[in-house]
Amino acid sequence: MKSPYFYLHWVIGWCNFTLTASSIYLYLGVPLMMREYGWSGTDIGLFQVSGLPVMLKFLMASPIDLFRFRQSNYLKWSALLGGGFICCLTMLSLADIEITAFKTLFIIAVCTTLITSWLDVPINAFAIQRFPENERPKTGAIRSAVTALASVVGGGAMLLVYARFGWAWPFYIFGLMALLCGVLLYIAHARYPLIESESFNSENPSTVTSRGSLFVMWKGYFQRPDMVMWNIILVLYFPFIGAAWLYLKPVMLDLGLSIDNIAWIASCSGVFAALSGFCYSLCIARISPYRALFAFSVMNVIALLGMCLAVAMEWSDWRLICAVFVVAIALGLSSGVLFGLIMIHSRPHLSASDYGLQTSLFSLSRILVPISAGIILDRTGYVGMFAWLVAGALVACCLSFYWMFKKEKS
């Protein structure tokens, strides 16, 4: 990546990696330990409810723009919330699962999710302020790559750390990673000033908004040109391929693959998703994000059709593995272009508010679509579920084509 912004991309990527890996470990790794120590299925299910604060990111984001520090607003908010994140990790390290009550662990998990979701906002708003517009899509592609790698680390490597060293050590490691994030972010703050044309608006609270104007900020976001179409695409574009990713392990299990083979395939597919996002970041300057959005929507349809065919034919050999890898590649590319466009559609002087709104819309559809997919699965089986996901992806594909045509024409 030959870019003067290479270091800043690396820092923001590391911060996103740390937050995502710790969240994945908390909600995919810890339930395995809960089961290991005899906790009930109800306890494990209720524990997932502690992840709901991520849907309220739009409410957490707005105070960051309403109650601003006079200088370095997003850096100071990151430092403040980062301290809370380290405190939560310390509390988790002390809450040994062998002796901790469910209520206590649940409360700590809710606090951790709240802080993690909140901290994500000023970190990425910091990036939006310091990247020129042509660099922001690359940030989304890199985020897609590190998210996929975080799933491998948080859902795999940290389980090995737990098995070898005990309950507290994964949280110690995440705490050290968070401290490193703070140091690197401070260095980036000194090295990369605000984009000159945006410096005044970004640092002067009176030019942005007055306190109590929460509704005005949200209204301003939706009133900009083409925002209706963008938000429809934001809601509909990703959740269908995301739901397919969620159900891949149950599909492979029901088609007769062993747990060990599923673990290897899942890890390798996570690497494929990361590599696809990284490769997109390398060639992002050569392709319009709107063309990429349409091209990757076509790939989503192809990937979902491949999985539909695999379950219909009951393949459990290399053909199923190929279909899974295609889904992984489509997932990495789609999330990369989508997060890049989220960066582009965030106003630099209200980065936190706009970023929080968009990611809340994104998260809401990611939760609702898998739920509806599960209902369809129970009624019609895997073929019916994947057919429904294909239909949804086709709608997103048509919308992406219309938007690309409109943007390229203008």
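This is a predicted model: local features need pLDDT of at least 70, side-chain atom pairs count only at pLDDT 80 or more; totals for chains, interfaces and linings use all residues.
View 1. Valine 183 sits in helix α7, residues 169-191. Its relative accessible area is 48%, so valine 183 is partly exposed.

**View 2. The nonpolar core around phenylalanine 386.** The largest nonpolar core has 130 residues. Phe386 and Leu389 have the most contacts inside this core. Helix α17, residues 351-409, gives the core its largest share, 19 residues. Phenylalanine 386 touches Ala244, Val251, Leu304, Met307, Cys308 and Val311, leaving aside residues up to four places away in sequence.

**View 3. Helix α14 and its cover.** Helix α14 runs over residues 259-282. Its 24 residues should span 34 Å at 1.5 Å a residue, and the end C-alpha atoms are 35 Å apart, so the two values agree. Among the buried residues of α14 are Ile262, Ile265, Ser269 and Gly270. Others, including Ala273, Ala274 and Tyr280, are buried too. What covers the buried residues of α14 includes α6 (136-165), α12 (239-246) and α13 (248-254). Helices α15 and α16 also belong to this cover.

**View 4. Helix α15 and the residue after it.** The 25 residues of α15 should span 36 Å at 1.5 Å a residue. The end C-alpha atoms of α15 are 36 Å apart, which agrees. Glutamate 314 follows α15. This glutamate lies in the loop between α15 (289-313) and α16 (318-344). Its phi is positive, about 55 degrees, although glutamate 314 is not a glycine. Most residues other than glycine have a negative phi. Glutamate 314 counts as exposed, because its relative accessibility is 60%.

**View 5. Serine 72, another positive phi.** Serine 72 is found in the loop between α3 (57-66) and α4 (73-94). Its phi is near 55 degrees, a positive value in a residue other than glycine. Is serine 72 buried or exposed? Its relative accessibility is 14%, so serine 72 counts as buried.

**View 6. Two salt bridges with buried partners.** The structure holds seven salt bridges. One of them joins aspartate 65 to arginine 68, with the closest N and O atoms 3.1 Å apart. Both of these residues are buried. Glutamate 135 pairs with lysine 138, where the closest N and O atoms are 3.7 Å apart. Glutamate 135 has 8% relative accessibility, so it counts as buried. Lysine 138 counts as buried as well, at 11%.

View 7. Aspartate 354 forms a salt bridge with arginine 224, and their closest N and O atoms are 3.8 Å apart. Arginine 224, at 24% relative accessibility, counts as partly exposed.

**View 8. A salt-bridge network.** Lys57, Asp120 and Arg143 are linked in a network of salt bridges.

**View 9. Serine 372 in helix α17.** Serine 372 has its place in helix α17. Its relative accessible area is 22%, so serine 372 is partly exposed. The C-alpha atoms of serine 372 and isoleucine 128 are separated by 34 Å. Along the chain, these two residues are 244 residues apart.

How values were computed:
Residues are numbered from 1 along each chain as its sequence is written. Side-chain values use heavy atoms; hydrogens and water are left out. Helices (H or I, at least four residues) and strands (E, at least two) are DSSP runs, numbered from the N terminus. Buried means under 20% relative accessible area, exposed over 50%, partly exposed in between (1.4 Å probe, protein chains only). A nonpolar core is a set of buried Ala, Val, Leu, Ile, Met, Phe, Trp, Tyr and Cys residues joined through side-chain atoms within 4.5 Å. Contact means heavy atoms within 4.5 Å. The expected span of a helix is 1.5 Å times one less than its number of residues. A salt bridge is a side-chain nitrogen of Lys or Arg within 4 Å of a carboxyl oxygen of Asp or Glu.
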